[in-house]
Amino acid sequence: MARKRLLTGLQPSGQLHIGNYFGAIAPFLERYEEFESFLMIADYHALTTLQEKDELNTNIFEIAVDYLACGLDPTKVVMFRQSDVQEHTELAWIFECLVTVPFLMKAHAYKDKVAKGLEANAGLFNYPMLMAADILLYDAELVPVGEDQRQHIEYTREAAHKFNSVYGNVFTPPQEITLEKVGVVPGTDGQKMSKSYGNTIPLFGTRGEIQKAVMSIVTDSKSTFPEHVHAIHKLYKDEGKLKLLYEQNRENYKALKEALIEDIDTHSTPLREKRQAVASNKTDVLEILNEGAQKARELAAKKMAIVRDKIGITL
Ligand code: ADP
Ligand code: TRP
């Protein structure tokens, strides 16, 4: 029997942080070898918010390096760039013609932007249908994502249902995989850790950068428990050891933060070293992306031939 397909995507929109790692990268690395896996660099998604040519260009390469540095085995996954496979934008358009404007207006990325009084571009509005195309083009049944992406997988299922009910069965609705124990990793200010909030602990940060970030984690002076420090530390230490540490250092926030710095640094040091080695081999990284693009193109072309036929544009 053919193995199930698993696919995830990450936007090349800036330096990775530990929230990305525990929310998206680690769950992917934990499971990808069991399946036929795809890892996509969502550069067209990044274009909805990043319109700096050089920055986007650098980020695309950097995120490929990041994944390889985290231990991804490129022989066991198809790693590719979204923009290398034209069928993604083509299929997104077809889905956009099937779903309604009020439906897309309820999508978080768009709603949040409007709620902040900002003007959203049409790309951001259509974002969930490009994501649906990313997943459905490869018949991926499993999609590891962080908690905040759950709604987009619901939108993907809806796009699949809409298409199937109008044109006949072509797409399999996918299922998200989220790690309950991780949930949403808090940033140094207690909000969700996010590149766009400037509250991150960088995944490949130097000890100095880690130290600076951890020392700035907010603690409530009225409370006797440093909630956010603990929530982050939970990702690095098992429950028993963490409990002991907190008992031994009750209300000593400085000591608790120092212990956290130590644990993050121990985890990050080998990642940093591996990253340096990978980044120094630029041609290898480009080769991996080229191979990935070829494989992805083959599969996408086959699926799109079926779709084109179904919608009635094949003469
Ligand atoms: P950011 O908010 O930093 O821009 P992205 O939106 O690019 O992050 O998210 C990339 C992946 O990392 C997604 O799968 C997302 O769910 C996950 N992720 C991002 N921030 C967190 C967080 N604070 N906790 C858990 N997962 C996260
Ligand atoms: N929207 C996702 C994010 O911001 C990235 C993404 C794009 C993705 N296409 C995808 C994730 C397909 C999973 C599957 O994190």
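Figure 1. The side chain of Asp148 has an N or O atom 2.4 Å from an oxygen atom of ligand 1. Ser194 likewise places a side-chain N or O atom 2.8 Å from an oxygen atom of ligand 1. From the backbone, an N or O atom of Gly19 lies 3.3 Å from a nitrogen atom of ligand 1. A polar contact here is a pair of N or O atoms within 3.5 Å; within protein, one atom must be able to donate a hydrogen and the other to accept it, and residues adjacent in sequence count only if both atoms are side-chain atoms. This is a predicted model, in which local features need pLDDT of at least 70 and side-chain atom pairs count only at pLDDT 80 or more, while totals for chains, interfaces and linings use all residues. Residues are numbered from 1 along each chain as its sequence is written, chains are lettered from A and ligands numbered from 1 in the order in which they are written, and side-chain values use heavy atoms, with hydrogens and water left out.

**Figure 2. The shell around ligand 1.** Ligand 1 has 15 residues around it, of which His17, Asp148, Val185, Ser194 and Lys195 come nearest; a residue is counted if one of its heavy atoms lies within 4 Å. By class, four of these residues are nonpolar, eight polar and three charged (Ala, Val, Leu, Ile, Met, Phe, Trp, Tyr, Cys and Pro count as nonpolar, Asp, Glu, Lys and Arg as charged, and the others, Gly among them, as polar).

**Figure 3. Polar contacts of ligand 2.** A side-chain N or O atom of Tyr127 is 2.6 Å from a nitrogen atom of ligand 2. Gln149 has a side-chain N or O atom 3.1 Å from a nitrogen atom of ligand 2. Gln11 brings a polar side-chain atom to 3.0 Å from an oxygen atom of ligand 2.

**Figure 4. The shell around ligand 2.** Ligand 2 is surrounded by 14 residues, and the closest are Gln11, Tyr127, Met131, Asp134 and Gln149. Eight residues of the shell are nonpolar, five polar and one charged. Strand E1 (5-10) and helix H7 (122-136) each supply at least two of the shell residues; H7 gives the most, with four. Helices (H or I, at least four residues) and strands (E, at least two) are DSSP runs, numbered from the N terminus.

Figure 5. Glu62 and Arg275 meet through their side chains in a salt bridge (2.6 Å, N to O). Glu62 belongs to helix H3 (residues 53-69) and Arg275 to helix H12 (residues 253-279), so the pair ties together parts that are 213 residues apart in sequence. The structure holds 20 salt bridges, each defined as a side-chain nitrogen of Lys or Arg within 4 Å of a carboxyl oxygen of Asp or Glu.
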